[in-house]
Amino acid sequence: MSTYILNIETATTNCSVSLSKNGETIVLKEDNDKGYSHAERLHVYIDQVLNEAKIAAKDLSAIAISKGPGSYTGLRIGVSAAKGLCFALNKPLISVPTLEALAHKIKAENGVIVPMLDARRLEVYSAIFNHEHESIRETQAQILDEHAFAEELNNGKVCFVGNGVEKTKNLITHENAIFVEGELPSANEMSLLAYEKFKQNDTEDVAYFEPFYLKDFVALKSKK
């Protein structure tokens, strides 16, 4: 019996939805227009991937959500949509760490992979994985300087990926640093990760699940 999972990624400006069959993406809809339009696009994309695959929502095996860290508002929108579908369809909820999915955009033969998302000023949310995508260091919020990731860089190649790369490359000049620009978390890389969790019955409590914000939300006063 085939396992169909709907994957939702809204942790950054990329509004991304995929439908996977047995861990392989069969339909992907996403758009990164540099702004947050998840509220308008997310449910449209969900309908589109189901229609294109000719799969009814009731035939889904599970709903998977990118759990964070990332944009507070983006995560809230994605999680709310995922929870609503789970409740309505009586389907299990699977959460996929955002940085782990981002790391899977990179295929490396050696060294380590550092997925990173831009935070405020010189801060990023980052994690470290080996070239086989096994976690070496958990997700952290860290302030960047020229000494960041010195130990990893001295030991071998370090591949930085994500929208935190732009400010990182201006600080780190080590010869072992590799910068992959223009990549954001996508529901495409969630497909296999969510399927592996589904097979292990690694699901969330739909009622109590909350995104992994990493830091508390801070409301800023309008400049207008």
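Which residues of helix 6 are buried? They are Ala187, Glu189, Met190, Ser191, Leu193, Ala194, Tyr195 and Lys197, where buried means under 20% relative accessible area, exposed over 50% and partly exposed in between (1.4 Å probe, protein chains only). This is a predicted model, in which local features need pLDDT of at least 70 and side-chain atom pairs count only at pLDDT 80 or more, while totals for chains, interfaces and linings use all residues. Residues are numbered from 1 along each chain as its sequence is written, and side-chain values use heavy atoms, with hydrogens and water left out. Helices (H or I, at least four residues) and strands (E, at least two) are DSSP runs, numbered from the N terminus.

**Helix 6**

- Helix 6 covers residues 187-199; its 13 residues should span 18 Å at 1.5 Å a residue, and its end C-alpha atoms are 18 Å apart, which agrees. The expected span is 1.5 Å times one less than the number of residues.
- The cover over the buried residues of helix 6 includes strand 1 (4-9), strand 2 (15-21), strand 3 (24-31), strand 4 (62-66), strand 5 (93-96) and helix 3 (98-103).
- Ser186 caps the N-terminal end of helix 6, with a side-chain oxygen 3.1 Å from the backbone nitrogen of Asn188. A polar contact is a pair of N or O atoms within 3.5 Å; within protein, one must be able to donate a hydrogen and the other to accept it, and residues adjacent in sequence count only if both atoms are side-chain atoms.
- Asn201 follows helix 6 and has a positive phi, near 55°.

**Helix 2**

- Helix 2 (residues 72-89) has 18 residues and reaches 26 Å from its first C-alpha to its last, close to the 26 Å expected at 1.5 Å a residue.
- Its buried residues are Gly74, Leu75, Gly78, Val79, Ala81, Ala82, Lys83 and Cys86.
- The buried residues of helix 2 pack against strand 1, helix 1 (38-53), strand 4 and strand 5; contact means heavy atoms within 4.5 Å.
- Asn90 follows helix 2, and the phi of Asn90 is positive, near 55°.

**Strand 1 and its partners**

- Six of the six residues of strand 1 are buried. Tyr4, Leu6 and Ile8 lie on one side and Ile5, Asn7 and Glu9 on the other, and both faces are covered.
- Strand 1 and strand 2 run antiparallel and are joined by six bridges; two strands pair if DSSP finds at least two bridges between them. Tyr4 stands opposite Lys21 in strand 2.
- A hairpin of five residues joins strand 1 to strand 2.
- Strand 1 and strand 4 run parallel, joined by four bridges. Leu6 has Ile63 of strand 4 as its bridge partner.
- Thr12 lies in the loop between strand 1 and strand 2 and counts as buried at 3% relative accessibility. Leaving aside neighbours within four places in sequence, Thr12 is in contact with Tyr36, His38, Leu117, Asn163, Leu184 and Pro185.

- Five strands form an open sheet in the order 8-7-6-9-10, with mixed pairing. Strand 8 (135-143) and strand 10 (177-180) are the edge strands, each pairing on one side only.
- Neighbouring strands of this sheet are turned by 20° against each other on average, direction ignored. Axes are lines fitted to C-alpha atoms, for helices over the stretch in contact, and angles run from 0 to 180 degrees between N-to-C directions.
- Strand 7 (residues 123-130) pairs with strand 8 in the antiparallel sense over six bridges. Ile128 has Arg137 in strand 8 as its bridge partner.

**Salt bridges**

- The count comes to ten salt bridges, each a side-chain nitrogen of Lys or Arg within 4 Å of a carboxyl oxygen of Asp or Glu.
- Lys105 and Glu183 meet in a salt bridge (3.2 Å, N to O). Lys105 lies in the loop between helix 3 and strand 6 (112-118) and Glu183 in the loop between strand 10 and helix 6, so the pair ties together parts that are 78 residues apart in sequence.
- Lys105 also forms a salt bridge with Glu189 (3.5 Å, N to O). This pair links distant parts of the chain, with Glu189 in helix 6, 84 residues apart from Lys105.
- Lys105 is partly exposed at 25% relative accessibility, Glu183 is partly exposed at 28%, and Glu189 is buried at 16%.
- Asp59 forms a salt bridge with Lys58, the closest N and O atoms being 3.3 Å apart. Asp59 is partly exposed at 40%, whereas Lys58 is exposed at 59%.
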